[in-house]
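This report covers the overall fold, the metal sites, the aromatic pairs and the nonpolar cores of one structure. The sequence and coordinates come first.

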Amino acid sequence: MSLPSLRLVDTDPAELTVDAIVIGLHSQPDEAGTLLPAAGAESIAAAFDGRLTATLALLGATGAAGEVTKLATLGTIAAPLVVAVGLGDEPSGSAPAPETLRRGTGAAVRALAGSGTAALALPVPDDADGPGVLRAILEGALLGSYRFAGYKTKPSKTRRDPVAALQIHVADASDAAVAAELTRAEVVGRVVRLTRDWVNEPGNVLRPPQFADAVVAAVEGTGLEVEVLDLDALKAGGYGGIVAVGQGSEAPPRLVKLTYTPEGVDNPKKVALVGKGITFDTGGISIKPNAGMWEMKSDMAGAAAVGAAMLAVAALKPGVSVTGYLAMAENMLSGSAYRPGDVITMFNGKRVEVLNTDAEGRMVLGDAIARACADGAEYVFEASTLTGGQVIALGTRVAGLMGSDAATALVKAAGDAVGEPAWPMPMPDEVRKGMESEIADICQVNANLDRAGHMLQGGVFLREFVAEGVEWAHIDIAGPSFHTGEPTGYLTKGGTGVPVRTFLKLIDDLA
Ligand code: BES
Ligand code: MN
Ligand code: ZN
């Protein structure tokens with residue numbers, strides 16, 4: 001579904017003729033016990049003659065972060081409806097934390113479903129912090145209004161369409177920095193939504209060849225250089241891991257490489273983004289239990305994020321060279337599938353003893369990371385739905401992070417800044433020792449099939465494919481990339497688009 005249209009306005013929000021106005025509400029009352037509207041809502045509060053927050057409180061509002069309360073305005077202001085979103089405690093004069101606003105805006109905009117037009121009168125400070133705060137609000141709005149088009153043959157009667165048009169109130173709509181945020185948000189919003197679309201597509205629709213075609217179609221005309229390796233090219237090129245995982249499926253694997261080169265930059269830094277693109281993960285011969293297996297349609301979330309981030313890079317034109325590698329395969333079981341016990345020669349020449357065909361992500365990624373290094377990458381940032389162990393250890397909102405010290409520090413800072421947190425994990429020697437193979441260079445998992453430290457085994461394995469001196473980070477997004485619960489904040493059900501915004505922040509920070 002298409003992006004809502006966005007427009008910046010600096011006229012009085014109380015006079016906007018829209019279907020609804022979103023305001024913020026703080027949870028910390030003033031001395032008289034009255035809840036405080038957030039900055040931006042002044043004229044609306046004035047129109048209610050001091051009774052706005054008392055009326056919202058009557059309706060149950062507390063100002064708790066993310067809480068949404070709707071109030072009919074009955075002629076007090078031009079818009080017929082106020083949607084008050086809780087922003088938590090008033091942070092003593094400063095704007096709420098960006099992620100609080102991003103989530104709050106997302107929740108409010110989801111509650112606007114069914115409205116044609118709405119305005120956001122949220123606390124955008126009229127100072128140097130303004131653009132950053134506005135960015136969070138715009139991202140919350142564009143992601144909260146996402147919906148997967150889906151495959152219903154009849155439109156649902158109970159599900160209302162996302163809001164179609166949004167006006168965002170700022171102090172000065174002609175301010176260049178503020179206008180630039182709108183332009184950027186439209187790019188970022190579009191690509192994060194595209195990531196969600198790809199992740200939400202069923203596995204029968206998006207098999208590796210279709211996924212590769214979709215990515216190629218999406219980047220057409222952007223100026224990115226495109227290389228697609230099909231099965232013959234992968235075999236000829238020595239991509240043993242990708243070929244092994246893909247060989248159990250009728251739908252052959254692909255490695256898609258997208259390259260952006262900045263203009264007029266001497267000797268730009270070389271950044272590689274690598275993503276796991278398993279379009280469906282049955283586990284292969286080491287088959288998964290059926291419960292929840294359908295979610296494995298999202299096992300390409302890393303590659304989707306890389307493809308989408310490259311689209312944004314093409315539009316935002318940073319001063320670093322960025323290359324995306326999307327390693328696509330379908331992990332099936334059949335007479336031609338790879339087996340436990342197989343020894344596979346990877347792109348960098350290392351021989352891997354397969355012990356569990358369900359640890360397929362590291363097989364395709366080992367090749368893709370090695371290729372990125374062979375192409376001369378100085379930084380490799382790789383994202384993958386690699387292990388269930390990540391979800392056990394860190395849950396659904398915090399990604400696992402492993403790699404070189406400098407690269408993991410960059411990812412940690414970038415993730416924190418954009419509301420996509422990742423937490424550093426160790427790579428202990430014992431874990432590597434447990435992966436010694438009798439007959440090959442390394443086992444793909446702990447040889448005793450020990451589940452302890454599953455997430456760590458993934459990172460330790462991938463390290464084998466990083467060339468000397470390359471700064472690298474592995475981001476395990478098994479939990480954060482797919483939201484199975486009810487919608488919350490700017491997350492809708494299904495694909496989340498993590499870690500596209502982390503990738504873009506990393507690139508900004510390196511540029
Ligand atoms: N795609 C899965 C990991 C996963 C699990 C992603 C749950 C999202 C949600 C991955 O390929 C896998 O099967 N990992 C195994 C690794 C094991 C066989 C070493 C796992 O986590 O159990
Ligand atoms: Mn698997
Ligand atoms: Zn997988």
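## Conventions and one buried residue

Buried means under 20% relative accessible area, exposed means over 50%, and partly exposed covers what lies in between, with a 1.4 Å probe and protein chains only. Alanine 329 has a relative accessible area of 0% and is therefore buried. Alanine 329 belongs to strand 10, residues 321-331; helices (H or I, at least four residues) and strands (E, at least two) are DSSP runs, numbered from the N terminus. Not counting residues up to four places away in sequence, alanine 329 touches Pro208, Ile242, Val245, Gly246, Pro253, Gly277, Ile278, Thr279, Phe280 and Val364, where contact means heavy atoms within 4.5 Å. Between alanine 329 and proline 98 there are 231 residues of separation in sequence and 37 Å in space, C-alpha to C-alpha.

The model is predicted: local features need pLDDT of at least 70, side-chain atom pairs count only at pLDDT 80 or more, and totals for chains, interfaces and linings use all residues. Residues are numbered from 1 along each chain as its sequence is written, chains are lettered from A and ligands numbered from 1 in the order in which they are written, and side-chain values use heavy atoms, with hydrogens and water left out.

## Overall fold

The protein chain contains 15 helices and 19 strands. Its radius of gyration is 24 Å, close to the 24 Å that the globule rule gives for 511 residues, so the chain is as compact as a globular protein of that length. The radius is taken over C-alpha atoms, and the rule is 2.2 Å times the number of residues to the power 0.38. Along the principal axes, the C-alpha atoms fill a box of roughly 80 × 55 × 45 Å.

Of the 511 residues in the protein chain, 56% are buried. Among contacts with a separation of 6 or more, 76% are between residues 24 or more positions apart.

## Metal sites

Donors are N, O and S atoms within 2.8 Å of the metal (3.2 Å for Na, K and Ca); water is not among the atoms, so sites may look incomplete. Four donors count as tetrahedral if all angles lie between 85 and 135 degrees; four count as square planar and six as octahedral if opposite donors are over 155 degrees apart and all others between 65 and 115; anything else is irregular. Aspartate 358 is partly exposed at 22% relative accessibility, while glutamate 360 is buried at 0%.

The zinc ion (ligand 3) has Lys276 (NZ), Asp281 (OD), Asp299 (OD) and Glu360 (OE) as protein donors, at 2.0 to 2.4 Å. Its six donor atoms subtend angles of 79 to 171 degrees, and the arrangement is therefore octahedral. The spacing here is K-x4-D-x17-D-x60-E. The two ions lie 3.1 Å apart, and aspartate 281 coordinates both. Aspartate 281 is in strand 9 and aspartate 299 in the loop between strand 9 and helix 9, 18 residues apart.

## Aromatic pairs

The whole structure has six aromatic pairs. Rings of Phe, Tyr and Trp (its six-membered ring) pair if their centres lie within 6.5 Å; planes under 30 degrees apart count as stacked, over 60 as edge-to-face and the rest as tilted. Tryptophan 198 and phenylalanine 211 have ring centres 5.8 Å apart and planes at 70 degrees, so this pair is edge-to-face. Tryptophan 198 lies in helix 5 (residues 176-200) and phenylalanine 211 in helix 6 (residues 208-219), so the pair ties together parts 13 residues apart in sequence. Tryptophan 198 is buried at 6% relative accessibility, as is phenylalanine 211 at 0%.

Tryptophan 294 and phenylalanine 482 form another edge-to-face pair, 5.9 Å centre to centre with 70 degrees between the planes. This pair links distant parts of the chain, 188 residues apart: tryptophan 294 is in the loop between strand 9 (270-281) and helix 9 (301-316), and phenylalanine 482 is in strand 18 (residues 482-483). Phenylalanine 482 is buried at 9% relative accessibility.

## Nonpolar cores

A nonpolar core is a set of buried Ala, Val, Leu, Ile, Met, Phe, Trp, Tyr and Cys residues joined through side-chain atoms within 4.5 Å. The largest has 57 residues, of which Phe211, Leu273, Phe381 and Phe503 touch the most other members. Helix 9 supplies the largest share of this core, 12 residues.

Not counting residues up to four places away in sequence, phenylalanine 503 touches Leu273, Ala305, Val306, Ala309, Phe381, Ala383 and Ile475. Another core, of 44 residues, lies apart from the largest one and includes Leu229, Ile344, Met455 and Val466.
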